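Please have the sequence and the three-dimensional view open side by side while reading.

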Amino acid sequence: METRHGELVVGQQKVAQAMGEHMARSAPYNMQEPERGLTGAPPWVDERYKNYMQENKCTRPDQTKLNLRVDKEAYRQAVRKMKTNKAAGPMGIQNEILKQMPDRFHEQLCELMQLMWVHRHTPLPWKKWYFCFHHKQGDVTQQKNYKPIALLDCLFKLYTAVLTKMLADFCEINGMLSQSHEGSREKHNTMRQLTRITNAIEDANLSKQELHATYIDFENAYGSVDHEKLLATLKHLGVPAQLTEAIIDILGEAEEDSIQMRANVGDQVSEEIPIRRGILLGDSMSPLLFILYLEPLLRWLEVGNHGYQHMYATDKGLRGELSTSSGAFVDDLIILTRLMTGMELQLKKLAAFGDWSGLHINTDKSKITGVENGDRSIREDRHQGIKCGN
């Protein structure tokens, strides 16, 4: 395996250490250090962007009737949903064993999690993760050709599953999430998103309007989430302080109480490395946290009426004009506009949000396309000069 300094190392222990250092200190991961230069006000309220952007006004949910707690039914539901045939985490406890434990054990574990919720404290041994690596393709000595997969302890995943259900219910009941986001939400799916985009394409075909679409792929999406910006976003959206404090506790405010990661190769592991940046695949809370991290951008794309304006909508008389500005499915994003000038403005918003949030566009996997007169592809030269990256 080639190290981050270009040296070749052999043996499971050395390879594990090289992979751990790569995850901690090399792009695009840099998990040990938050990204530099992400200071300042969020772009949707920044004076520098007032010439072509308007403030994204956040409607805060009603928190006067909150009933946030870890109750026994939520705990039992989380246990029932635990999947089997999954690799065990660092403690070596498999989901099958946990699910078969007697009722008295689960009563005491539920009481422990209730205390953890009240005192906002997650046991440090629960916050130790392993990373295994799956070779995707290409040169086996290049670390970039491996996909990191996090192995978490089932006790940690059970606790975060209870908190995820609590956070998701709050978001849905209060209408906090944009209708354009269909990923990792109950009663939402890819079919709804495909129908949404197909409706816009068919409308453009019938009305002979132009339709411009930009498909966005975020580079290292989960791993690029800045912890401070995530917490600022949660507060901006109106997530209750109890939940925000619990998330702070899980992520950790300092190196000594943050999640600790080890790279695992064969039967060898690297030294522990504190995770100070990113949320990781493998935990049920991560998709919802990423959705919330992206939520201000989706709301901001609605501002200015730059989305595709549908000419044919069956409920136009009741609901008024129908506009589709974007469609998202967790970390996949499409932006729609009727005019190229509108797309230019929307992509400026995307770039500004990316600079602030730390989410960078993978330009090799992102694409701008469109149709004109309803049935003919727009020539590529008409999209020249439009950037879909930051």
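Is Leu294 buried or exposed? With a relative accessibility of 0%, Leu294 counts as buried, where buried means under 20% relative accessible area, exposed means over 50%, and partly exposed covers what lies in between (1.4 Å probe, protein chains only). The model is a predicted one, in which local features need pLDDT of at least 70 and side-chain atom pairs count only at pLDDT 80 or more, while totals for chains, interfaces and linings use all residues. Residues are numbered from 1 along each chain as its sequence is written, and side-chain values use heavy atoms, with hydrogens and water left out.

Leu294 sits in helix H9, which covers residues 285-302; helices (H or I, at least four residues) and strands (E, at least two) are DSSP runs numbered from the N terminus. From C-alpha to C-alpha, Leu294 is 8.4 Å from Asp331 in space, although the two are 37 residues apart in sequence. Another pair of this kind involves Gly20, a residue of helix H1 (residues 12-25) that is buried at a relative accessible area of 0%. Between Gly20 and Tyr130 there are 10.0 Å in space, C-alpha to C-alpha, and 110 residues in sequence. Ala254, in the loop between H8 and strand S4 (260-265), counts as partly exposed because its relative accessibility is 23%, and its C-alpha is 9.8 Å from that of Ile275, 21 residues apart in sequence.

The helices themselves can be considered next. Two packed helices are described by the angle between their axes and the distance between the axes. For helix H5 (residues 154-173) and helix H8 (residues 241-251), the axes come within 11 Å and cross at roughly 155°, the axes being lines fitted to C-alpha atoms, for helices over the stretch in contact, with angles that run from 0 to 180 degrees between N-to-C directions. H5 and H8 are therefore roughly antiparallel to each other, since angles over 145 degrees count as roughly antiparallel, those under 35 as roughly parallel, those from 65 to 115 as roughly perpendicular, and the rest as oblique. The crossing of H5 and H8 is left-handed, a term used if the near helix is turned anticlockwise from the far one by less than a right angle, whereas clockwise gives a right-handed crossing.

How many salt bridges does the structure hold? There are 11, each defined by a side-chain nitrogen of Lys or Arg within 4 Å of a carboxyl oxygen of Asp or Glu. One of them joins Arg120 and Glu245, at 3.2 Å from N to O. Arg120 lies in the loop between helix H4 (103-119) and strand S1 (128-135), and Glu245 lies in helix H8, so the pair ties together parts that are 125 residues apart in sequence. Glu245 counts as partly exposed, at 40% relative accessibility.

Arg185 and Glu172 also meet through their side chains in a salt bridge, at 2.8 Å from N to O. This pair links distant parts of the chain, with Arg185 in the loop between H5 and helix H6 (190-207) and Glu172 in helix H5, 13 residues apart. Arg185 is buried, with a relative accessible area of 8%, whereas Glu172 is partly exposed at 34%. Glu73 is partly exposed at a relative accessible area of 39%, while Arg80 counts as exposed at 51%.

Lys208, in the loop between H6 and strand S3 (211-219), has a phi near 60°, a positive value in a residue other than glycine. Asn305, in the loop between H9 and S7, likewise has a phi near 60° without being a glycine. Lys208 counts as partly exposed at 48% relative accessibility, and Asn305 is exposed at 52%.

The last stop is a nonpolar patch on the surface, formed by Leu206, Met311 and Tyr312, which together have about 330 Å² of accessible area. Patches are made of residues with over 30% relative accessible area and no salt bridge, with like charges joined within 9 Å and nonpolar side chains (Val, Leu, Ile, Met, Phe, Trp, Tyr) within 5 Å; accessible areas come from the Shrake-Rupley method with a 1.4 Å probe, and for residues only the protein chains shown count as cover. Met311 lies in the loop between strand S7 (308-309) and helix H10 (316-319) and, at 40% relative accessibility, counts as partly exposed.
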